[in-house]
Amino acid sequence: MARVDLDGKAIAPMTICMIGAGGFIGSHLCEKLMAETPHKVLALDVYNDKIRHLLEPESLPWAGRIQFHRINIKHDSRLEGLIKMADLTINLAAICTPADYNTRPLDTIYSNFIDALPVVKYCSENNKRLIHFSTCEVYGKTIGSFLPKDSPLRQDPAYFVLKEDASPCIFGPIEKQRWSYACAKQLIERLIYAEGAENALEFTIVRPFNWIGPRMDFIPGIDGPSEGVPRVLACFSNALLRREQLKLVDGGQSQRTFIYIKDAIEAVLLMIVGSPFPLFV
């Protein structure tokens with residue numbers, strides 16, 4: 001059955017410029033758009049391995065509705081033209097592997113802030129709606145994480161809750177380059193918000209909390225580089241395959257929230273078909 005919008009009406013076809021379409025989230029989102037909507041996708045990325053099954057052969061039901069453009073947005077003059085061609089731009093491009101934050105802080109900052117600047121600029125100047133993917137890390141640390149271990153305040157859950165409009169933003173010191181990712185992401189968020197306030201940019205900002213699923217990560221030496229350090233679930237799987245002990249963060253005291261990619265993509269699709277308005281998700 002064909003999907004409808006939030007008002008129960010048939011979805012009007014649109015053209016979506018998806019930057020980072022060849023990645024983990026982008027590949028699943030492309031699949032969803034091709035299978036369940038009439039939309040056309042201009043898929044921008046430097047690699048297309050994860051969406052090749054959507055591009056070939058030409059006999060696929062959605063043939064002609066997805067076009068791959070091999071582009072590095074750092075230095076490609078075609079970017080503005082492709083954004084102009086679209087009704088909506090979705091920016092997924094980022095360095096978002098924790099292992100890189102300490103070892104490649106400059107690349108991390110450039111990828112998540114500097115490289116996103118022209119995307120925001122072109123969307124604002126051409127009156128194009130933007131869905132920008134940020135991160136839950138922009139919330140920083142909770143007040144509770146800084147309390148002494150013997151403090152009675154640690155028993156109060158209020159000190160471990162983050163509230164969008166009230167919680168202070170607590171990051172680590174400058175020398176802790178692990179925070180370069182969160183800082184870069186928060187700064188581009190502030191720029192997007194300012195463009196909305198001053199120049200009426202229509203935007204939605206998405207802050208994923210550990211989306212997991214197929215094509216997310218790699219097992220070192222099996223389907224990825226031997227020297228690489230994947231994310232936590234892939235690290236666990238790698239240890240299990242090699243019969244090694246699991247490496248726990250903070251001795252197992254650290255907690256995470258995980259969301260399966262299919263559930264997360266369903267939410268993104270609702271953002272796309274819903275009415276555009278400034279929103280943090």
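Student: Where is Ala 21 found?
Tutor: First, keep in mind that this is a predicted model. Ala 21 sits in the loop between strand E1 (15–19) and helix H1 (24–36).

Student: Is Ala 21 buried or exposed?
Tutor: Buried. The relative accessible area of Ala 21 is 1%, and the cut-off for buried is under 20%.

Student: Which residues is Ala 21 in contact with, leaving aside neighbours within four places in sequence?
Tutor: Gly 26, Ser 27, Cys 30, Ala 43, Leu 44, Asp 45 and Ile 51.

Student: And how far apart in space are Ala 21 and Leu 92?
Tutor: Their C-alpha atoms are 7.2 Å apart. In sequence, Ala 21 and Leu 92 are 71 residues apart.

Student: New topic. Which residues touch the most other members in the largest nonpolar core?
Tutor: Met 18, Leu 33, Ile 90, Phe 133, Trp 211 and Ile 272. That core has 32 residues.

Student: Which elements give two or more residues to this core?
Tutor: The strands are E1, E2 (40–45), E4 (88–91), E5 (129–133) and E7 (211–212). The helices are H1 and H9 (261–273). The largest share comes from H9, with seven residues.

Student: What is Ile 272 in contact with, again leaving aside neighbours within four places in sequence?
Tutor: Met 14, Ile 16, Leu 29, Leu 33, His 39, Leu 88, Ile 90, Arg 129 and Ile 131.

Student: What does the second core include?
Tutor: The second core is separate and has 23 residues. Ile 19, Leu 42, Ala 116 and Ala 184 are among them.

Student: Why would such residues gather like that?
Tutor: In soluble globular proteins, nonpolar side chains tend to be buried together.

Student: Back to H9. At what angle do H1 and H9 pack?
Tutor: About 60°, with the axes 10 Å apart. The two helices are therefore oblique to each other. H1 passes H9 in a right-handed crossing.

Student: Which residues of H1 and H9 make that contact?
Tutor: H1 brings Phe 24, Ile 25, His 28, Leu 29, Glu 31, Lys 32, Leu 33 and Glu 36. H9 brings Ile 261, Lys 262, Ile 265, Glu 266, Val 268, Leu 269 and Ile 272. By class, the contact of H1 with H9 has nine nonpolar, one polar and five charged residues.

Student: How about H5 and H7: at what angle do they pack?
Tutor: About 20°, with their axes 8 Å apart. H5 and H7 are therefore roughly parallel. H5 also passes H7 in a right-handed crossing.

Student: Which residues of H5 and H7 meet?
Tutor: Pro 105, Thr 108, Ile 109 and Asn 112 in H5 meet Ser 180, Tyr 181, Ala 184, Lys 185 and Ile 188 in H7. The classes here are five nonpolar, three polar and one charged.

Student: At what angle do the axes of H6 and H7 cross?
Tutor: Roughly 15°. The axes of H6 (residues 117–125) and H7 (residues 180–199) come within 11 Å. That makes H6 roughly parallel to H7.

Student: Which residues meet there?
Tutor: Leu 117, Val 120 and Ser 124 in H6 meet Ile 188, Leu 191, Ile 192, Glu 195 and Asn 199 in H7. They divide into five nonpolar, two polar and one charged.

Student: Which residues in H6 are buried?
Tutor: Val 119, Val 120, Tyr 122, Cys 123 and Ser 124. The buried residues of H6 pack against E1, helix H3 (78–85), E4, E5 and H7.

Student: What about Asp 115: buried or exposed?
Tutor: Buried, at a relative accessible area of 11%. Asp 115 is in the loop between helix H5 (105–112) and H6. Not counting residues up to four places away in sequence, Asp 115 touches Ile 73, Lys 74 and Tyr 110.

Student: Now the backbone. What is the phi of Asn 127?
Tutor: Phi is positive, about 55°, although Asn 127 is not a glycine. Asn 127 lies in the loop between H6 and E5. At 67% relative accessibility, Asn 127 counts as exposed.

Student: And what is the phi of Ala 200?
Tutor: Near 60°, a positive value in a residue other than glycine. Ala 200 lies in the loop between H7 and strand E6 (203–206). Ala 200 is exposed, with a relative accessible area of 59%.

Student: One last thing. Which residues does a cis peptide bond join?
Tutor: Glu 56 and Pro 57, with omega about -5°. Pro 57 is in the loop between helix H2 (52–55) and strand E3 (66–70).

Definitions and conventions: Residues are numbered from 1 along each chain as its sequence is written. This is a predicted model: local features need pLDDT of at least 70, side-chain atom pairs count only at pLDDT 80 or more; totals for chains, interfaces and linings use all residues. Side-chain values use heavy atoms; hydrogens and water are left out. Helices (H or I, at least four residues) and strands (E, at least two) are DSSP runs, numbered from the N terminus. Buried means under 20% relative accessible area, exposed over 50%, partly exposed in between (1.4 Å probe, protein chains only). Contact means heavy atoms within 4.5 Å. A nonpolar core is a set of buried Ala, Val, Leu, Ile, Met, Phe, Trp, Tyr and Cys residues joined through side-chain atoms within 4.5 Å. Axes are lines fitted to C-alpha atoms, for helices over the stretch in contact, and angles run from 0 to 180 degrees between N-to-C directions. Angles under 35 degrees count as roughly parallel, over 145 as roughly antiparallel, 65 to 115 as roughly perpendicular and the rest as oblique. Ala, Val, Leu, Ile, Met, Phe, Trp, Tyr, Cys and Pro count as nonpolar, Asp, Glu, Lys and Arg as charged, and the others, Gly among them, as polar. A crossing is left-handed if the near helix is turned anticlockwise from the far one by less than a right angle, and right-handed if clockwise.
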